[in-house]
Amino acid sequence: VLLRRRPQFHFYASDLQTLQKTWDFLLKQPFAQWYVGHGGPLTPAQVQRFIEKSRQQIEKMETLAVSK
């Protein structure tokens, strides 16, 4: 699980709205590479793909939570 060359969703994220706002801010930065706590470095394209997939996962989780 650790030291991968691609980003992964953290197992603990309690405030998904703030998380997504932070992603929006970070994506606007002109980073050539992302140096993350475990793994990497990552390219901006890798981070963008990860965030897009994560947003889809968050939408599914929110939809499931509402339907219960």
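**Aromatic pairs and the core**

Mentor: The count comes to two aromatic pairs, where rings of Phe, Tyr and Trp (its six-membered ring) pair if their centres lie within 6.5 Å; planes under 30 degrees apart count as stacked, over 60 as edge-to-face and the rest as tilted. This is a predicted model, in which local features need pLDDT of at least 70 and side-chain atom pairs count only at pLDDT 80 or more, while totals for chains, interfaces and linings use all residues. Residues are numbered from 1 along each chain as its sequence is written, and side-chain values use heavy atoms, with hydrogens and water left out.

Trainee: What geometry do W23 and F50 have as an aromatic pair?

Mentor: W23 and F50 are edge-to-face, 6.2 Å centre to centre with 75° between the planes. Helices are DSSP runs (H or I, at least four residues), numbered from the N terminus. W23 lies in helix 1 and F50 in helix 2, so this pair ties together parts 27 residues apart in sequence.

Trainee: Are W23 and F50 buried or exposed?

Mentor: Buried means under 20% relative accessible area, exposed over 50%, and partly exposed in between (1.4 Å probe, protein chains only). Both W23 and F50 are buried. The pair of F31 and W34 is also edge-to-face, at 5.2 Å centre to centre and 85° between the planes. F31 is partly exposed, with a relative accessible area of 38%, whereas W34 is buried at 14%.

Trainee: Which residues make up the largest nonpolar core?

Mentor: A nonpolar core is a set of buried Ala, Val, Leu, Ile, Met, Phe, Trp, Tyr and Cys residues joined through side-chain atoms within 4.5 Å. Here the largest one has eight residues: L16, W23, W34, L42, V47, F50, I51 and I58. Helix 1 (16-27) and helix 2 (44-67) each give two or more residues to this core, and helix 2 gives the most, with four.

Trainee: Which residues of helix 1 are buried, and what covers them?

Mentor: In helix 1, L16, Q20 and W23 are buried. They cover an arc of only 55° around the axis (taken from the directions from the helix axis to the C-beta atoms), which puts them on the same side of helix 1. Q17, K21 and F25 are exposed on the other side. Contact means heavy atoms within 4.5 Å, and what covers the buried residues of helix 1 includes helix 2. In turn, helix 1 is among what covers the buried residues of helix 2.
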